[in-house]
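Please look over the sequence and the 3D structure shown below before reading on. The report that follows goes through helices, cores, aromatic rings and charged pairs in turn.

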Amino acid sequence: MPKSKRDRPVTLSKTKKKGREHKETIVNSIRQAAEDYSSIYVFSFENMRNLKFKEFRDQLKSTSRFFLGSNKVMQISLGRSDSDEIRPDLHKISKVLHGNAGLCFTNLPKEEVERLFNEYKEYDFARTGSIATEKVELQEGPLEQFTHEMEPFLRKQGMPVRLNKGVVELVSDFLVCDEGKPLSPESARILRLLGIKMATFRLHLISRWSPGEFELYSPGPDDSGVESS
C-alpha cells in the first residue's frame, strides 16, 4: 500500500533555506528600487482588497514599484538606524513602517502621488467582523428582490421568512445590523445579497523620502520621535 503524503518526512532545513532565499530576494529588490527611483513613500491601508490594489499598482507600474509584506524585512532592507541605512535618512522611513503599511518607490512628482493616494477610494462589501457604518432594518412584508429558491438560504441566515404564493415574505421586522457594531457572518451575507457596500478600501500616505528630504504626513502613536527634515 503506497504511503500517504502525510507520512513523508519534511526536511526543515530546505523549507528554512527557501524562506531565507525569499527574504534575501525581497531585501535585494527593495535596495535596488531605492537606487532606481527618486522618491519613497510609506503608506497605510484600510479594508485591503487585493484585486483592487493590484489594479492600482498596475496603473502605476511604468513609474512606480510597490512592496507589501513583512515590515521587519522592509526595515532591514532600508536600514533601521543611521549606522546601517543604505542611503542618508532612510532609517526614518523604517521607523514609520508598522501595522498595515507598505512602500511605494516612484519617479512621479510629489503632487501627483499625493493626488493619486488622496483621491483613491473603492467601495466593497463588508466582511465578517467589520464595523457596520449604518443601521439596516428590513420591514415586515414581501421581499420581492429575492426569488422563491432563496427562501431556505435566507432562513439559515436567521431571517424570519416564509413563502406566500411563491413570494418570499418577512413575517416580522428584521434587524440586519446596527451602526457601530461588528458584522456577524450572517449579517455580512445578507448585506451582500441586498447590494449594500459598507467597506471602503483606502490608502493613506504616512511619509515621503527623497534625497535630502524627509516629510511626515500623518504621524501615528509610535512616530513621535520622527521629525520631518
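## One side of a helix

Which residues of helix H7 (residues 185–194) are buried? They are Ser187, Ala188, Ile190 and Leu191, where buried means under 20% relative accessible area, exposed means over 50%, and partly exposed lies in between, for a 1.4 Å probe and protein chains only. These residues lie on the same side of H7, because they cover an arc of only 165 degrees around the axis, the arc being that of the directions from the helix axis to the C-beta atoms. An α-helix has 3.6 residues a turn, so residues three or four places apart point the same way. The buried residues of H7 pack against strand E5 (136–138) and strand E9 (174–177), and the helix is followed by Gly195, whose phi is positive, near 75 degrees.

A few conventions are needed here. The model is predicted, so local features need pLDDT of at least 70 and side-chain atom pairs count only at pLDDT 80 or more, while totals for chains, interfaces and linings use all residues. Residues are numbered from 1 along each chain as its sequence is written, and side-chain values use heavy atoms, with hydrogens and water left out. Helices (H or I, at least four residues) and strands (E, at least two) are DSSP runs, numbered from the N terminus.

Ala34 is found in helix H1 (residues 12–36), and it is buried, with a relative accessible area of 0%. If residues up to four places away in sequence are not counted, Ala34 touches Ile40, Ile86, Arg87, Leu90 and Phe105, a contact being heavy atoms within 4.5 Å. The C-alpha atoms of Ala34 and Thr106 are separated by 9.4 Å, although these residues are 72 residues apart along the chain.

Ser29 also has its place in helix H1. With a relative accessible area of 19%, Ser29 is buried, and its contacts, again not counting residues up to four places away in sequence, are with Arg65 and Phe67.

## Nonpolar cores

A nonpolar core is a set of buried Ala, Val, Leu, Ile, Met, Phe, Trp, Tyr and Cys residues joined through side-chain atoms within 4.5 Å. The largest one has 20 residues, of which Val42, Leu78, Ile93, Leu103 and Phe105 touch the most other members. Among the elements that give two or more residues to this core are H1, E1, helix H3 (71–78) and strand E10 (199–210).

A second, separate core of 19 residues includes Leu143, Val176, Leu191 and Ala199.

## Aromatic rings

The structure holds nine aromatic pairs. Rings of Phe, Tyr and Trp (its six-membered ring) pair if their centres lie within 6.5 Å, and planes under 30 degrees apart count as stacked, over 60 as edge-to-face and the rest as tilted. The rings of Phe43 and Phe117 have their centres 5.7 Å apart and their planes at 50 degrees, so this pair is tilted. It links distant parts of the chain, with Phe43 in strand E1 (residues 39–46) and Phe117 in helix H5 (residues 110–119), 74 residues apart, and both residues are buried.

Phe53 and Phe66 form an edge-to-face pair, at 5.6 Å centre to centre and with 85 degrees between the planes. Phe53 lies in helix H2 (residues 50–59) and Phe66 in strand E2 (residues 64–68), so the pair ties together parts that are 13 residues apart in sequence. Ring pairs link Phe43, Phe53, Phe56, Phe66, Phe117, Tyr120 and Phe201 into a cluster.

## Salt bridges

A salt bridge is a side-chain nitrogen of Lys or Arg within 4 Å of a carboxyl oxygen of Asp or Glu, and a search of the whole structure finds twelve. In one of them, the closest N and O atoms of Glu151 and Arg155 are 2.7 Å apart. Both residues lie in helix H6 (residues 151–156), four residues apart, about one turn of the helix. Glu151 counts as buried at 9% relative accessibility, whereas Arg155 counts as partly exposed at 44%.

Arg208 forms a salt bridge with Glu213, with the closest N and O atoms 3.4 Å apart. Arg208 is buried, with a relative accessible area of 5%, and Glu213 is partly exposed, at 37%. Lys110, Glu114, Arg208, Glu213 and Glu215 are linked in a network of salt bridges.
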